Amino acid sequence: MIKYGETYEGRPLIVAIITHPDNNLSVEDIRKNHMISSGLQEGEEPENDFALVWLSYSVHGNESSSTEAAMETLYSFANTSNENTMEWLKRTVLIIDPCMNPDGRDRYVQFYTMTGTNPASSDFSTREHEEPWPSGRTNHYHFDLNRDWTWLTQKETSQRMKLYNSWMPHIHVDYHEQNFDEPYYFAPAARPYHNQITSWQRELQKIIGKNHARYFDKNNWLYFTKEHFDLLYPGYGDTYPIYNGAIGMTYEKAGGGAGGISVATSDGDTLTLRSRIKHHHITGLSTMESAYKHKDRIIKEFKYFFKKGLDNPISKYKTFVIKAELNDPKREDLLRWLDSHGIEYGRPKDDRARSIRGLSYFLDENVSFRVEENDIIISADQKKSVLTQVLFEPKTHYEDSLTYDITAWSIPYVYGLEAYALETVIPQVNIEANKSSKVIHQWNKNPYAYLNPWHSINDLKFLSDVFKKDIVVRVSEEPFEIDGVSYDRGTLVISRKANEKLGLKFDTILRDLSKKHNTNMTSVKSGMVSRGKDFGSSTMRVIKAPKVAVLSGQDVSSYNFGEVWHYFEQQIEYPLSVYSAEDIGSIPLEKIDVLIMPQGNYGSFVNQISPSEEIVEKTNADALLVNDPPEKILEWVDRGGRLIVIGSAMEKFVDKSGYGLVRYESKESKKAAQELKKKRKKESRLKKYEERNRSRLPDASYGSIIRVDVDNTHPLMFGYKKNYYSLRQGSRMYPYLPNGWNVGTIKNASHHVSGFMGYRVKQKIKDNLIFGVHDSGRGRIIYLADNPLFRGFWYGGKLLFGNAVFIVGS
Ligand SMILES: [Zn+2]
């Protein structure tokens, strides 16, 4: 048993590694032999090798039969009198992760323990079948760990990936549960498949599926294959192993949070926890049996997968060139992330800059550009070739657009870094992360002020710490030049004046914090600039440490709330107060500077209005409750509050007086939209029943990437260039704010960059708002139609969200 880490709530993360009782190799020798024989590690080719099977359970904590099944499966392989398992173990090694998400699982188990009745109720509408918000599916920060394999934003994932990448199993199974009325799902998976999935990976899935079917048929158990669970998005427990050479599979048993101990199904049967465990146990055994039967081919094909990556990658693009300044923290973070996945990179071998042609990610066309000394070069010719191509190719290749998840994730867009895809190979030399990127500071003695440019999340972390030290900070709204150096908008100007109370500590605190966060902080001896406005100008606006609050509870998307929570607590380390949206009436808004409304329906927002006399007569009510944003919110904004509204939460404010957000730009556009709607309704009368799923595609957008035009003279976009790459998660759109600042917009229809977007969405996308700020009284309302914190991995959005919280000001 290996403890590979701990959860955020301090629970242990473990795997058990099971070998044959006669095995006299150490676990470490088995691992090393496997890595060498797969061509993933140097060394003398070992004689004996095993098929390595890794079974992972309960990535979703409320899918409770998983962890129980892990125990039963473990028992089958620990029981030396079991002839089958003892035979299989002669040529296989089994790794069991009994629970990938112990925090979520315990949340569910505690809920069930508190609410379960005796005897258990099988009526799904009773309390024991209805988990409260947030469910046990997710981890401590409400992240779905089965979306995080690639991004490693969560502690559980990053610790597990270290172990996973040191073992690189041949087969990985991710155990789940689905709706209690859907009996069992196993491989082969549904379409679309990513075009990088090999014919062997497709074939073995079918072989294993057939083996499971044998057992299910024998017992008359129902199941389905080839539906729902597709193989595209790389963050899953099936696709990530597949892109790493394994046969990755998802198994789903009926059950889930609503399953309880027993639940009545629609066909009149009763689904028990005991039977759920049994089915998951059988597929575990059947997987091991299949691995044993096909061990030689499995081992051979796995080795070939990496060899082919080195010799002959299938992608059109052979090299990816990423431009990043040496001291840009994005560069370091990107390199460290590549290291975690075992993706190799380097810099150009030739020191001289030279011109070459390639596809520009930003311009979406072939251009000539200069390859320079410090560019990051990632070659498709490498062992992790498939993973590299899947993550870096500019446009996702998929066979079908009806998918389960987002369809675009190309890394240069995620990081917002200039990049090029080349059809040729560039000679490179290796470089290492954590080298050559330390900023060298040269500070004056006793300076007049310190200047910290505003470019990256490190500058944001620096500001967060500066605020915690109670230091007064100004932000420059105009570019300026001093001592021959140009500074962009957003530069933090921290003068000795206004901070005298700190005495000499002023210098040490700032210098230590700049070193800690590796920021480009400089110092100046005068407040008079050679270009732009001097430091005493009103354009050098004072920003103060805001008291930040976020709304939570069942009105709110637990994911988006969790993303906000994780952002403050784990990424920028700034205090955050959490209130329940249902308590909006009693939240002490006067103590809050910034209120964040995550995506959600805000169904419990009600507003008491004094009705007109006519209504009183009709309803006989003294006052009327309407489902509007409570008036106190707008009053608070007018007094200087900043309200940040994300995605679907914007719906609450559409066409509501004072909030500045409208559904239609004009009467004409409203009429046109209604006409179109009528026409569509008429057209759709003859739609075919069998196309019911597909008919929504024209209006869908499954997480595609768009290029947003940016007004980077507005504080919401300080630190950004002219474009921002945004992940569209839905198709809902808003026209420009009639009286506000339209800071991030789609000005023409050619702004779709990658991923699936239905043709009707493409037609509608022109002239829409993505990010905007509506000034009201002394405060601001900041609308973020796309969620910049999506799953914590959209690196490009982190500074933007920080701007909304700290820089937009009031
Ligand atoms: Zn699941």
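The peptide bond joining Ala187 to Pro188 is cis, with omega about 5°. There is also a cis bond from Arg191 to Pro192, with omega near 5°, and Pro192 lies in strand β7.

Before we go on, please keep in mind that this is a predicted model, where local features need pLDDT of at least 70 and side-chain atom pairs count only at pLDDT 80 or more, while totals for chains, interfaces and linings use all residues. Residues are numbered from 1 along each chain as its sequence is written, and side-chain values use heavy atoms, with hydrogens and water left out.

Now let's step back to the whole chain. How many helices and strands does the protein chain have? There are 20 helices and 37 strands. The C-alpha trace spans about 85 × 80 × 55 Å along its principal axes. For 810 residues, a compact globule would have a radius of gyration near 28 Å, and the protein chain agrees because its value is 28 Å. That radius is taken over C-alpha atoms, and the globule rule is 2.2 Å times the number of residues to the power 0.38.

Next, the sheet that contains β6. This open sheet of seven strands runs in the order β1-β2-β4-β3-β5-β9-β6, and its pairing is mixed. Two strands pair if DSSP finds at least two bridges between them. At the edges are β1 (2-6) and β6 (184-185), each pairing on one side only. Inside the sheet, β3 (residues 51-56) and β4 (residues 92-97) are parallel partners over six bridges, and Leu55 stands opposite Ile96 in β4. Helix α8 packs on this sheet, touching β3, β4, β5 (171-178), β6 and β9 (247-254), and its direction makes about 165° with that of β5. Contact here means heavy atoms within 4.5 Å. For angles, axes are lines fitted to C-alpha atoms, for helices over the stretch in contact, and values run from 0 to 180 degrees between N-to-C directions.

You will find Ser58 in the loop between β3 and α2 (65-78). Phi of Ser58 is near 55°, a positive value in a residue other than glycine.

On to helix pairs. Two packed helices are described by the angle between their axes and the distance between the axes. Helix α8 (residues 273-293) has a partner in α6 (residues 199-218): their axes come within 9 Å and cross at roughly 135°. The two are therefore oblique to each other; angles under 35 degrees count as roughly parallel, over 145 as roughly antiparallel, 65 to 115 as roughly perpendicular and the rest as oblique. Their crossing is right-handed, where right-handed means the near helix is turned clockwise from the far one by less than a right angle, and left-handed means anticlockwise. The contact residues include Tyr215 and Phe216 of α6, and Ile282 and Glu289 of α8. By class, this contact has four nonpolar, seven polar and three charged residues. Ala, Val, Leu, Ile, Met, Phe, Trp, Tyr, Cys and Pro count as nonpolar, Asp, Glu, Lys and Arg as charged, and the others, Gly among them, as polar.

How do α13 (residues 457-468) and α20 (residues 798-807) pack? Their angle is about 30°, with the axes 9 Å apart, and α13 and α20 are therefore roughly parallel. This crossing is left-handed. Among the residues in contact are Leu460 and Phe467 of α13, with Leu799 and Phe806 of α20. The contact divides into seven nonpolar, one polar and one charged.

Our last stop is another open sheet, with five strands in the order β24-β19-β23-β20-β25 and antiparallel pairing. Its edge strands are β24 (522-524) and β25 (540-543), each pairing on one side only. Neighbouring strands are turned by 30° against each other on average, direction ignored. Strands β19 (residues 449-452) and β23 (residues 492-495) pair in the antiparallel sense over four bridges, and Leu451 has Val493 of β23 as its bridge partner. Helix α14 (residues 505-517) lies across β19 and β23, at about 15° to β19.
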